[in-house]
Amino acid sequence: MELVVNILLGIVIAATPLVFAAIGELVVEKSGVLNLGVEGMMIVGAIAGFSVTIQTGNYLAGVVAALVAGALMALLFGVLTQTLLANQVATGLALTMFGLGLAALWGQDYSGKAAGNFPKLDIPVLSDLPLVGKLLFGQDYLVYLSILLVVGVSWFFRKTRGGLIIRAIGENHDAAHAIGYPVVFYRYLTLLFGGACAGLGGAYLSVVQTPFWAEGMTAGRGWIALALVVFAAWRPGRALLGAYLFGGITILQLHSQGFGVKVEAQYLSMLPYLATIAVLVIISSDRLKVKLNAPACLTQPFRAAT
Amino acid sequence: MLRLEPRREPSKAMQVLTPVFAVALTIIAGLVLFTILGKDPFRAIWLIFFEPLTQTYALAELTVKGTPLILIGAGLAMGFRAGVWNIGAEGQFVAGALAGGSVALALHETAGLWIMPLMCLAGMLGGMAWAAVPAFLRTRFNANEILTSLMLVYVAILLLSALVHGPLRDPEGLNFPESRLFSESMTLPILIEGTRAHVGFILALLAIAVAWLFMERHLLGFQIKVQGQAPLAARFAGYSEKRIVWLCLLTSGALAGLAGTIEAAGPVGQLVPALPIGYGFTAIIVAFLGRLHPFGILLGGLLMALTYIGGEAAQIAMSLPSATTRVFQGMLLFFLLAMDVLVGSRIRWAPRQAAG
């Protein structure tokens, strides 16, 4: 039983960065924008959160720094694609390359330092319950935040006017513009939100999960988050499910050696990437369904008719 | 206030000028960056962009680093024109190096002029095989080639690492994760004595010439352009989208694979886990810097090679961090994409209107 709880705890910790990054990108894509720079925003968030946590010794300051850093990166993407109408695919790639370089430059003095233990929820009695106590009431605060975020985004798109407007912009920006909604303004907002989420996902890696800084430590998680949005068919709840599924695969890979599986480590490390491809293939093969679920204006530039 | 006004036709002059503007802006941003880092900004820029052009050895190095960038960039540009986003060239580069390198290692006791062409062929096939996966998944299952090709980069790098730790490891080595050194028949002949410039550069020039002929003079090149600019028109004209996807991915995969073999058989001379150093990603910048045109890619590849060489020189001379080059390359692509707005629009100074 102890082992099962440990595995479940491991899955939650492996999945949480993906939850943050995927839910942020989901909101961005709902507004009709594809930001392929998730990896770049994540890694900059990772080093921003890590360096500020080390400098100030304050976890909250680190989290805020990661949010701001991710949002600033997204702002750069917004200026290029929304104001200057640059190609979204190319700009997203540029954001990732720039982010990886910037983070490496920023983090060169931080290798080998550790961030210590991130504060965890601790409720008397409940957190000390056998087995479920640690799992349900003893996680770090960011895990609860990630789940609240998913619930919040789901509620936002279903029940609020703002959510409806963003969905309308993603489906048909010309019609939304004709009704009088400021398309570009709303897209900037979703981009900033997505950037902040990706930054936080990165910081979760460097400040909570590992907790140290290593160059290129996101190792493709930003790209996996992008695939998760497709997997989720742009539904928040399914994004959460997908992230936990991937957390499971990561943990499986780590534990399989403990179980005595005789395969070289490199082949096991391929698992998350191969699983991403498999998932994409399964979800995408139903063309009609993808077409119905995907925001119709995804990657299309918007230029108001004058 | 400033306002963007759409042009009736894309500006020809701006198409040529924007890469120049982007480089100029990158240099200016670099001056700011070095000032922030507390280094002499003018000396750093001089070392990165100009100093290498004054030395024969550095000029030769320009062709060594430029070769993979030009080869990969030429292939990627073809796909980008058709809206086929192969961003996994780094993986195809590794697959090509593995295939070409495996041929060399299997034949390590033989010698002959025929080995090198065989290695190059194997490298191209390896790259094609790696690129065939996203092509198949996109045409058969509609899976996005951006994500699948990128995921395969990680798989290829892990595969390289597994193989040089295992079956391809030098049996006479000291258990280091590296293959045998390639013999003379398995390394590319040197062009200029005393430098590392090798015949691979001639292959890159050849690839540029063929790419130009294909894109500008062949019907398939025309179909690729129509597919990218007006997919609906392409469909009405009866062009097969699937065929174009396959063509673009296989061609770019073959060129990336060839670049991988050339890298292994040229400057490196063996298979090591650290073989891929990001050429596959930098080549994306090269393709855009060259405006997706073969001749532009030739210039763009040489310019990006310059930032590698100059960047290394500046790292040593001024103890700059190695990530500086990558920040530079990222900034260059940003400025390039930002400047692109001038091709389709002009900036006008217009009086503030009541409702923007």
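In the predicted model, a salt bridge links B:Arg326 to A:Glu215, with 2.6 Å between the closest N and O atoms. The count of salt bridges between chain A and chain B is 1. Polar contacts also cross this interface: 7 residue pairs were identified, with both residues of each pair at pLDDT 80 or more.

On the side of chain A that touches chain B, two or more residues are given by each of the helices α3 (59-83), α4 (88-107), α10 (221-231), α12 (265-269) and α13 (271-284) of chain A. Of these elements, α4(A) supplies the largest share, with 13 residues. By residue class, this side of chain A consists of 28 nonpolar, 11 polar and 5 charged residues.

In total, 44 residues of chain A and 44 residues of chain B are in contact with one another. The area buried between the two chains amounts to about 3800 Å². Carbon and sulfur atoms account for 79% of that area.

Within chain A, the surroundings of A:Ser206 were also examined. This residue lies in helix α9, which spans residues 183-209 of chain A. The relative accessible area of A:Ser206 is 0%, and the residue is therefore classed as buried, the cut-off being under 20%. When neighbours within four places in sequence are left aside, the residues in contact with A:Ser206 are A:Ala46, A:Phe50, A:Pro211, A:Phe212 and A:Met217.

Key. Residues are numbered from 1 along each chain as its sequence is written. Chains are lettered from A and ligands numbered from 1 in the order in which they are written. This is a predicted model: local features need pLDDT of at least 70, side-chain atom pairs count only at pLDDT 80 or more; totals for chains, interfaces and linings use all residues. Side-chain values use heavy atoms; hydrogens and water are left out. Contact means heavy atoms within 4.5 Å. Buried area is the accessible area (1.4 Å probe) that two parts lose on being put together, summed over both. A salt bridge is a side-chain nitrogen of Lys or Arg within 4 Å of a carboxyl oxygen of Asp or Glu. A polar contact is a pair of N or O atoms within 3.5 Å; within protein, one must be able to donate a hydrogen and the other to accept it, and residues adjacent in sequence count only if both atoms are side-chain atoms. Helices (H or I, at least four residues) and strands (E, at least two) are DSSP runs, numbered from the N terminus. Ala, Val, Leu, Ile, Met, Phe, Trp, Tyr, Cys and Pro count as nonpolar, Asp, Glu, Lys and Arg as charged, and the others, Gly among them, as polar. Buried means under 20% relative accessible area, exposed over 50%, partly exposed in between (1.4 Å probe, protein chains only).
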